[in-house]
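Hi,

Here is the structure I said I would pass on. Have a look at it first, and my notes follow below.

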Amino acid sequence: MFAFCTDPETLSGLSWLSCYLTTGKHLSIYVSVGTVLLLLAITAPAALLFGFGGAVAARSPLPPLAWAGRGYIAIVRGVPDIAFFLFFVIALDQFLEWLRHEWKCPDWEGSVWRGSDFVVCAEAKLPLSTAAGWVHDVYGFAVAVLTFAIVFGAFAANVLYGAMRAVPRAQLETAEAYGMTRRQIFRRILVPQMWVYALPGLSNLWMVLVKATPLLFLLGVEDIVYWARELGGAKTPRFTDYPHPDWRVWYFGALLVFYLAFTRLSEVVLARLTRRLARGQATLGGAAQGGSA
């Protein structure tokens, strides 16, 4: 905060606004922007990894592995995102605490379920009640990343599975004729060429992921939407040095500009990536996209 902000009652106009926007609570909304960007930076490759694994499993010649891959895609895609976010986080948290409970408290008598309550010993809690605040924040963020990665990984798996099937069979047969093994064909022919077909679907999935970041609030992470509602609500002199009426429309308007600008930047980057991947690809999709670039 600026030095002249020590007495807000003497301020007016731009001076008052500059002091208001640099209070300790406002620093929280600026930090939350970084939290959202960090979530996207970690979740996108993690979801792509889940998706790639699911797609490879779904096209496996081994029936159990293929069933597992297709089941993962079907189940996660078939459950509403909000319901999955609410259920999975609770289930995962309780499962991890149950594992720690079995390990750290083997002498515990009775069940961890007491009616509808889930109760474990204090040593098994995640995080521990004595842990620092930042530990709780990191744990909540890690659970959020894992949840986002699993959900969007299922959609990515469906896209990648379709992209693998779209690669012309003639390409694979030619590789077989040259004596390549299945692993070599997969690594040198199928995977490099599938990205041309997968990128449009992955681009749409990225946009959906960006718009889904407000779901962080459901996972206990204080994101920009939470702080926009918190800071934009009416404030009285009794609770703050910077009283103001209901300004949520301005805060959410700023969020609108932020998301529109971010998605526009994403479109530019993805368009350039598409042209780069399509260059030199010996597929109809690659030729079409390369020719239109």
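Let me start with a pair of helices: α2 and α3 cross in a left-handed way. Their axes are 7 Å apart, and the two helices pack at an angle of about 135°. That angle makes α2 oblique to α3. Keep in mind that this is a predicted model.

Next, the surface. L14, L17, L21, L27 and Y30 make up a nonpolar patch there, and together they have about 480 Å² of accessible area. Both α1 (13-20) and α2 (24-58) contribute, each with at least two residues of the patch. L17 sits in helix α1 and counts as partly exposed because its relative accessibility is 35%.

Then there are the salt bridges: a search of the whole structure turns up 6. One of them pairs E97 with K125, with 3.7 Å between the closest N and O atoms. E97 is in helix α4 (residues 81-104) and K125 is in the loop between β2 (117-118) and α5 (133-166), so this pair ties together parts 28 residues apart in sequence. Is E97 buried or exposed? At 3% relative accessibility, E97 counts as buried, whereas K125 is partly exposed at 36%.

R248 and D246 also meet through their side chains, at 2.5 Å from N to O. R248 is partly exposed, at 35%, and so is D246, at 38%.

Another salt bridge joins R264 and E267 at 3.1 Å, N to O. Both residues lie in helix α9 (residues 248-278), about one turn of the helix apart.

Cheers

How values were computed:
Residues numbered from 1 in each chain as written. Predicted model: local features only at pLDDT ≥ 70, side-chain atom pairs only at ≥ 80, totals over all residues. Heavy atoms only, no water. Patch = residues over 30% accessible without salt bridge, like charges linked within 9 Å, V, L, I, M, F, W, Y side chains within 5 Å. Areas by Shrake-Rupley, 256 points an atom, 1.4 Å probe, with all protein chains shown as cover. Salt bridge = Lys/Arg side-chain N within 4 Å of Asp/Glu carboxyl O. Helix = DSSP H or I, 4+ residues; strand = E, 2+ residues; numbered from the N terminus. Buried < 20%, exposed > 50% of the residue type's maximum accessible area, 1.4 Å probe, protein only. Axes fitted to C-alpha atoms, helices over the stretch in contact; angles between N-to-C directions. Parallel < 35°, antiparallel > 145°, perpendicular 65-115°, else oblique. Left-handed = near helix turned anticlockwise from the far one by under 90°.
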